[in-house]
Amino acid sequence: MEQNGKSQPTDNFLLTLMIGNSRLHWGLFINGKLDQTSNTEHLPTGSQKSKVKNQKSEIELQSLISPHLPISPPPDLPLLIASVVPEQTAKWQNYPNAEFITLDQIPLTRMYSTLGIDRALAVFGAGKNYGFPILVIDAGTALTFTGADANQNLIGGAILPGLGLQFTSLGQKTGQLPLLKVREVQELPPRFALDTKSAIESGIIYTLLAGIKDFIDDWLLSFPDSQIAMTGGDSELLGSYLKQQFTEIGEQIILDQNLIFWGMKELNRRVC
């Protein structure tokens, strides 16, 4: 393969794929550095044609990801996959260059069998990048807290509906409340609102922020020197809210969308 007239050895490339609850998250490493990230929709369901098959796998993969990458991927590009969606995972089983990360490969102790591999990779990647102990807040479809101590022991965490799910559940499961979108809320609403839209925004956002602060406060009682990292699609929005509402805590939080990719890189021997 060539880029700018120079040959690029394929063993300097690694493509990582985190199959999340809502989207496919891609990270391309070149020469050990994260060169590009992108997000695409899940592969279509309900059809055998939607699988990435042996004979056409390389062509299909390139057509899927090439528009999102700065270069054309080499045909034998290694693909490292982690997934929390079994139906989507199955679509990649026949891809010849795929390796699937399992929970037992992640060097954290005290993990339980149903721990989400996305949470494990994020806390491992964050710890390797910023140091242990570490608390990771993943503000995605679900909002999760995951902590590990200085010896890479999993301390535990919590799971609750993410910001978007909370808005959606009120809009879909009630008779008269409107369905609101997260991106419509760019500023903190008034706490005591005088209209329905603002009342929903207030109830969800202030309760969520107070909950995040409470988890952080409790974590820091046990691990006062810990780093706090936040990742996920709503991390920047929630991070800005936290800085407005709880400035000291908000300033401590490291925003990093690539924690899972750092964890995947650490597990892969091809990337030095």
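Figure 1. Thr16 sits in strand 3, where strands (E, at least two residues) and helices (H or I, at least four residues) are DSSP runs numbered from the N terminus. The model shown here is predicted, so local features need pLDDT of at least 70 and side-chain atom pairs count only at pLDDT 80 or more, while totals for chains, interfaces and linings use all residues. Residues are numbered from 1 along each chain as its sequence is written, and side-chain values use heavy atoms, with hydrogens and water left out. Is Thr16 buried or exposed? Thr16 counts as buried because its relative accessibility is 0%; buried means under 20% relative accessible area, exposed over 50%, and partly exposed in between (1.4 Å probe, protein chains only). Setting aside neighbours within four places in sequence, Thr16 has contacts (heavy atoms within 4.5 Å) with His25, Trp26, Gly27, Phe29, Leu80, Phe261 and Met264.

Figure 2. Follow the strands across and you will read the order 5-4-3-6-7, with mixed pairing; two strands pair if DSSP finds at least two bridges between them. Strand 5 and strand 7 (98–100) are the edges, each pairing on one side only. On average, neighbouring strands here are turned by 20 degrees against each other, direction ignored. Strand 4 and strand 5 run antiparallel and are joined by seven bridges. One to look for is Leu24, whose bridge partner in strand 5 is Thr40.

**Figure 3. Helix 8 on the sheet.** Helix 8 packs on the sheet and touches strand 3 (13–19), strand 4, strand 5 and strand 6 (79–83). The direction of helix 8 makes about 50 degrees with that of strand 4, using axes fitted to C-alpha atoms, for helices over the stretch in contact, and angles from 0 to 180 degrees between N-to-C directions.

**Figure 4. The largest pocket.** Its volume is about 880 Å³, the space filled by probe spheres set on grid points joined across faces, edges and corners. A pocket is an open set of points on a 1 Å grid over the protein atoms alone, where a 1.4 Å probe fits, with protein on both sides within 12 Å along at least five of seven lines; lining residues have an atom within 4 Å of a point. Which of the 34 lining residues are the closest to the centre? They are Arg23, His25, Gly140, Gly232 and Gly233. Elements supplying at least two lining residues each include strand 4 (24–30), strand 5 (33–40) and helix 8 (259–267).
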